[in-house]
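The following note comments on charged pairs and on one surface feature. Please read the points alongside the sequence and the coordinates.

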Amino acid sequence: FCVVPNGGKYDDDNVSGKIGFEYDFAAQSMLYVTAKNGFRAGGLTAGTETTYKPEELTAYEIGTRNRFSDGRVQLNASAFYWDYQDQQLSQLQAYRVAGALCNGCQTSYPFNVNGDLYGVETDLQMLVGSSGTFNTNVLWTKGKLDSTPNLVNSAGVTGPLFNIDRYNLPEWSVNAGYDHRIAMANSGSLN
């Protein structure tokens, strides 16, 4: 059993908000615009002397929501841009104890990086007959990270990476489904 002292300290506060406007350009159609900011507290990593900053996100979105065919068809579409300051990502890094590098030791802990994420999303829902619903969602996304912390590659070279594509971010995501409701004799239903 090993006890590693934690020498970190962390304290912060934040106020976040949202503003939005919408315009109904037809009885069943609207256009909207939103801007909002969010916050995730920073902290410290147990067993290390590593602290990380709070994450701040400013998000912009413009979109439209529409219903057609007496409400049987709903089509929504939006475009968004997210601007991250000090986003908290986790990455395998060298382990330090009491300020000294632990030879051959690595751990995963948060680091902060600026970057962005943007995309377009569409959502379609249609009633099929009197008891079915078809839905589909298509999302296209891209994003960049401004830099990474120093990394060690297989050759032992350390250094940051700059202007890299976001990892674990699919460019395309497509989902579709069908839900069918079956009326039961006791006034319930089975989906």
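Is Glu55 buried or exposed? The points below begin with this residue.

1. The model is predicted. In this model Glu55 is buried, because its relative accessible area is 9%, under the 20% cut-off for that class.

2. The side chain of Glu55 forms a salt bridge with that of Arg40, at 2.8 Å from N to O. Glu55 belongs to strand β5 (residues 55-68) and Arg40 to strand β2, so the pair ties together parts 15 residues apart in sequence. Arg40 itself is partly exposed, at 42% relative accessibility.

3. The whole structure contains 3 salt bridges. Another of them joins the side chains of Asp86 and Lys53, with an N to O distance of 3.8 Å. This pair links distant parts of the chain, 33 residues apart: Asp86 is in strand β6 (residues 73-97) and Lys53 is in the loop between β4 (51-52) and β5. Asp86 is partly exposed at 22%, and Lys53 is partly exposed at 47%.

4. Asp165 and Lys144 also meet through their side chains in a salt bridge, at 2.9 Å from N to O. Strand β11 (residues 162-165) holds Asp165 and strand β8 (residues 132-147) holds Lys144, 21 residues apart. Both partners are partly exposed, with relative accessible areas of 46% for Asp165 and 30% for Lys144.

5. A nonpolar surface patch is formed by Tyr23, Phe25, Leu31, Val33 and Ile62, which together have about 470 Å² of accessible area. Strands β1 (18-26) and β2 (29-40) each contribute at least two of its residues. Val33, located in strand β2, is partly exposed, with a relative accessible area of 38%.

Methods
Residues are numbered from 1 along each chain as its sequence is written. This is a predicted model: local features need pLDDT of at least 70, side-chain atom pairs count only at pLDDT 80 or more; totals for chains, interfaces and linings use all residues. Side-chain values use heavy atoms; hydrogens and water are left out. Patches are made of residues with over 30% relative accessible area and no salt bridge: like charges are joined within 9 Å, nonpolar side chains (Val, Leu, Ile, Met, Phe, Trp, Tyr) within 5 Å. Accessible areas come from the Shrake-Rupley method with a 1.4 Å probe; for residues, only the protein chains shown count as cover. A salt bridge is a side-chain nitrogen of Lys or Arg within 4 Å of a carboxyl oxygen of Asp or Glu. Helices (H or I, at least four residues) and strands (E, at least two) are DSSP runs, numbered from the N terminus. Buried means under 20% relative accessible area, exposed over 50%, partly exposed in between (1.4 Å probe, protein chains only).
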